[in-house]
Amino acid sequence: MNTLKIRNSALPFLIVISITIFFTSYSKKMRFEASREAPTAEGAVKYKKDKNDNYNIDLNLTNMVDPEKLDPPKNTYVVWMETERNGTIKIGGLTTSSGIFSKKLKSSLETTTPYKPLMFYITAENSKEVERPGFQTVLKTKHY
C-alpha cells in the first residue's frame, strides 16, 4: 500500500516535468515574407532555446538572388536579428551554394546566441564584416 501512495503522489510532479521539457524544447519557426528585391526567395528561420538558455538558430532559404544581380549590386548577404533586450545584432553571413543536380541556390546559416529573437532580416552588403545593417533589406520575417 505504501508504494501505491508514493507512485500516486509522484504523478503530478512527473506531469509538470514532462510539460516543462516539452515547452522548453519546442522550436519556433518564422517565415520570410516575399519581397520586391528577392521575389523568388523562400525560407524560414527555426530557433529553439537550449538547456544553457541560449537560442539555436537554423536559417534556410532557397532561390536567393545572387547579390551581384541586385540594384545596386552587392557582394554578400548578412543576417540580422532584432532581440528582446539587446536591439539589433548581426548573427552572420549567408552561405550560398547550388546542388550537383540543380541550379537552385540554397542559402543557410546555423548559429547560437544568448539573445531572444523577435525578428530576422537579411541585408545585401559589400562585406560580411559590416557592423551595422545597410539600407538594402532583401528579406525579413514578421516581428513577434
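A salt bridge is taken here as a side-chain nitrogen of Lys or Arg within 4 Å of a carboxyl oxygen of Asp or Glu, and the model shown in these views is a predicted one.

**View 1. Lysine 49 and aspartate 53 form a salt bridge.** The closest N and O atoms of lysine 49 and aspartate 53 are 3.8 Å apart, and a search of the whole structure finds three such salt bridges. Lysine 49 is partly exposed at 36% relative accessibility, and aspartate 53 is likewise partly exposed, with a relative accessible area of 48%.

**View 2. Arginine 36 and glutamate 37 form a salt bridge.** Their closest N and O atoms lie 3.3 Å apart. Arginine 36 is exposed, with a relative accessible area of 73%, whereas glutamate 37 is partly exposed at 26%.

**View 3. Lysine 116 and glutamate 84 form a salt bridge.** The closest N and O atoms are 3.8 Å apart, and the pair links distant parts of the chain, with lysine 116 in the loop between strand E7 (105–113) and E8 and glutamate 84 in the loop between E4 and E5, 32 residues apart. Lysine 116 is partly exposed at 31% relative accessible area, as is glutamate 84 at 44%.

**View 4. Four strands form an open sheet in the order E5-E4-E8-E9, with antiparallel pairing.** Because strand E5 (88–93) and strand E9 (137–140) stand at the edges with a single partner strand each, one side of each is left without a neighbour in the sheet. The twist averages 30° from one strand to the next. Strand E4 (residues 76–83) pairs with strand E8 (residues 117–125) in the antiparallel sense over eight bridges, and threonine 83 has proline 117 in E8 as its bridge partner.

Notes: Residues numbered from 1 in each chain as written. Predicted model: local features only at pLDDT ≥ 70, side-chain atom pairs only at ≥ 80, totals over all residues. Heavy atoms only, no water. Pairing = 2+ DSSP bridges. Helix = DSSP H or I, 4+ residues; strand = E, 2+ residues; numbered from the N terminus. Axes fitted to C-alpha atoms, helices over the stretch in contact; angles between N-to-C directions. Buried < 20%, exposed > 50% of the residue type's maximum accessible area, 1.4 Å probe, protein only.
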